[in-house]
Amino acid sequence: MKRALAVVALLLLAALAAYPVFGTGYGVRSIQQIFMWVALAGSWNLISGLTGYVSFGHVAFFGAGAYTGAILVASAGWPWPVAALAGGAASMVLAVVIGYPCLRLKGPYFAIAMLGLNEVLRALVSYFEGLTGGGNGLSLPTLDAAVPIYYVMGVLALAVTAMSWLIVTSRFGLRLMTIREDEVAAEAMGIDTFHHKLGAFLLSAVGPGVAGALTARDQGYIEPISVFPLAVTVTMIVMALFGGKGTVFGPVLGAVVLFIAQEIVWARYPYVHPLLFGALIVMVVLLMPRGVLGLLQQRYRLPRTI
Amino acid sequence: MNSKAPAALAVVLALAVGGVVPPAGAQGPIRVGASLSLTGTYAKLGNYMHEGYKLCAKEWNAKGGLLGRKLEFVVYDDQSTPATGVRLYEKLITEDKVDAVMGPYSSPITEAVVNVTEKYKKVAVSPLAATTSIFKRPPDKKRNYIFMIISPAEVYLEGLVDMAAKRGLKTVAILNEDTLFAKAAATGAAESAKKRGMQVVFQEGYPKGTQDFSAILTKIKAANPDVVAASTYFDDAVAITRQMKELNVNPKMYGLTVGGDLPEFYNLLKQNAEYIYGATQWEKTLPYPGNKEFDANYTKEFGREPVYHSAAGYAGCQVYFEAVKRAGTLDADKVRDALLKLEMRTAFGDYKVDEDGFQIAHKMVMTQWQDGKKVIVWPDELANGKARFPMPPWTGR
Amino acid sequence: MNVVTPAMLGQVIVSGILAGSLYAMVALGLGLIFGVMRVINIAHGPLLMLGAYTTFFLTTHAGMNPFLTVPVSMAALFVVGVVLQRGLVFRVVDAPELSSLLLTFGISIALVNLAQLTFTSDLRAVEYITGSWVLGGLAFSKPRVIAFAFAVGVTALSFLLLKTTRLGKAIRATSQSREVAMVCGVDVGRIHMLTFGFASALAAAGGALLAVIVAIQPEMGGVWTFKSFLVIVLGGAGNYPGALLGGLLLGLVEQVASLFLTTQLSEVVAYVLLVLVLLVRPSGLLGGRQT
């Protein structure tokens, strides 16, 4: 069974790698979006799925990465792959700065703080307009890099998933989950909960940071409202939740299924699609809080580390 | 082995048939693609623009179409987000393989989408992008295939400044929403004022969504300007006006960018809207050729009066089709040349662009509310009334 | 560039207090939901928006005086709140915060979309009274002063209800400890329902009063959800008088920061204040419920 799955996975990867050669520009962009969501949902899962600390402002890292990458490309002339890595690094730094104080907060307060963080960043970006263009947005030199970015985003998605797998199957991951189940007991057992949480938080910020910088380069233009929207945070959460939070492949499944579903719904029902999205969220929260993989794990006694 | 033969035969037949029948493009309709903001923040105005496109296509089809073929618009909803717009233009160009494209609504979305149209070298007439920086670029980043229809943001308040300077007013206070278009209009107004020897005593941006302008207006009141220029959208315009009355800020002239010219503005504010200047790209009473017909046809088709967004969409489409007709082909480079050379007056006003595709002929007009009616007061050659000056204090009315 | 005179400062302080009263009243509702049910209600803003539309329609189609529609809007949204709680929200009471965040987010976008479909995104406003009373050189905006009076009245009545009536005591008891309240015979399920309804009514009151001040459109509530959160954190979640303090404080901070800095920066100041309070005194300035 395992071998069959591995073969299928390899074939899939090969097909994805070959796609840009015979696919359309639109197809390339769409799949690239799926890669992005896999990276985002998977990253969110690292902090919130594993430790239970709900990061309700995770798009802040995406936005921070987007602006870092865009500024480096537009003002300092850096090549975009390096700028993308810088975006990831900047997000990591931001995660430390934010995580240090905020991870000491309890559940709902952490969620609210993260929500506030997103807004603070947006306001700061608008304020420092000399650097960021403020409300005008930031325009990058025209460059058609859709295919290279497709590959890089694909690698990012793989990297996040691989990192997820490594963490979930490691003692580090086990300790994170212990924190999720009962933080006090974890402390009592000698786990340094604060540093573990911080570590997970850092790792969860890298993916969105790089993805943000790549997206900025791909779009060629960013403005504050488009890179810090709450809807992006909620979408990545719902994707992870749908697939199964706390699992490795849950976010991947959720990203793929929900992205495709959204495309279909939005094409057919443009005027009511927020309503349908809202209904979907309600359904997922109420009916399948453990997600698809969670259900399967329960029903079929699947291993914990999928 | 046997089961494969019929399949192979079918494939061969299909190829043969496909080879014999000429490609659809040569005979079928001309498909023009666009992604418009049908939902989301810009929904209302995006829909108006769509209606302009539709009416234009209908009229050309009634006269025999373009290059002997019928015209058909393929429109998707970009949900008022640049990222979606970008993907949709890729879809239109690479999957739907449309014959031509027209621009989307709003400057931010146009700015993002332009990268796609330039990549595939498709001419994109962009009827509702008012930001100079989309068109005017440094030589190594020049864009070749986009064309502007409306007057740029920077000149929106030019009329207000011109009228103020002619009356010898000296000081201007400017407030603007902190977004692309509004900032450009504010910057343009400030430069315009300085050129005319006026002093900008206050200039500040406010975040989108602000509802309480007390602090800004308190500061403006303390600066005691002759003119207040507000670069806003509709809901801010209403709030700012009401709060100016509450705080008793009494400039001699008060003008708005977007919203001051909409009928709803007067309906909501009634007496308090009197004397207020609005800037508009177009009014149905302007003496442009075909304007009256456009107004009548639009009202008949859509059941309400057109606003400038519809007129701009209509005109943009007219300009593009005219250029294609003159070029005699849909080939992007030939159409581009035609658009660069073209000089035309539509129901919307004048069209002429410079070598960057930047609009240089179209004129903004300033309106003023007088006794519940919108009167065009500037420029003189298009005015149908005189401005009432100065604006009396709020408490005196 | 800006010279700030005492008159200017006085003016914005007035504006800040007037605005703060509305913040306080609306945030009280959010605080009640959080305190009693541990639910983070992101749909609070849309409830306010529905209250505003109720007032709008009553005023334009039934010719009612906009301020007299306040109790009607409140009653209408009370019912809506009860229905929402009974139908959906009760399932996430006491659940991990992720569930309530997501559920209420889903409800909020559904409500906004429904409003867009039913009412269209066209801006509406109620034109009733404009201008201001001038006192001591300071302008007191007429609609805002009347709103202030209503807000103070409604908030005062709410506190009276919480302090003196049986229902109020039951609410406070459930807020402090659900188990003990149950043991004392409180029908906790009913309390949850009534609290959500009551909180929705408070949001609706805010919306009804705002209808005369700002433009009404389906997305008007989002900003209010955020501000209510700020207020709750400032004052202390679960601490109801804290909501008053927090509301007034937020109103003042916003206006004064806008005066001395810029309106844009005042946003940053408000959020930085939020984060600071969360870090230094997470239970709020007046102390909230202990987790």
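Biologist: How much area do chain A and chain B bury between them?
Modeller: In this predicted model, chain A and chain B bury about 2500 Å² between them, and 53% of that area is on carbon and sulfur atoms. On the chain A side, Tyr26(A), Gln219(A) and Trp266(A) supply 26% of the area buried against chain B, which is more than any other three residues give.
Biologist: And how many residues are in contact?
Modeller: The contact involves 29 residues of chain A and 30 residues of chain B.
Biologist: How many salt bridges are there between the two?
Modeller: The count is four salt bridges, and one of the pairs is Asp144(A) with Lys119(B), whose side chains meet at 3.0 Å, N to O. There are also 10 residue pairs in polar contact between chain A and chain B.
Biologist: Which element of chain A gives the most to that side?
Modeller: Helix 2 of chain A does, with six residues, and by class the side of chain A that touches chain B has 10 nonpolar, 14 polar and five charged residues.
Biologist: Changing topic, how many cavities of 30 Å³ or more are there?
Modeller: The count comes to five, and the largest cavity holds about 90 Å³ of space.
Biologist: What lines the largest one?
Modeller: The lining draws on chain B and chain C, with Gln243(B), Glu246(B), Leu18(C) and Phe140(C) among the residues. Helix 1 of chain C gives the most, with four residues, while the lining as a whole divides into five nonpolar, five polar and two charged residues.

Notes:
Residues numbered from 1 in each chain as written. Chains lettered and ligands numbered in written order. Predicted model: local features only at pLDDT ≥ 70, side-chain atom pairs only at ≥ 80, totals over all residues. Heavy atoms only, no water. 1 Å grid on protein atoms, 1.4 Å probe; cavity = no way out; pocket = protein on both sides within 12 Å on 5 of 7 lines; lining within 4 Å. Points joined across faces, edges and corners; volume = space filled by probe spheres on them. Helix = DSSP H or I, 4+ residues; strand = E, 2+ residues; numbered from the N terminus. Nonpolar A, V, L, I, M, F, W, Y, C, P; charged D, E, K, R; others polar. Contact = heavy atoms within 4.5 Å. Buried area = accessible area lost by both parts, 1.4 Å probe. Polar contact = N/O pair within 3.5 Å; in protein donor to acceptor, adjacent residues only side chain to side chain.
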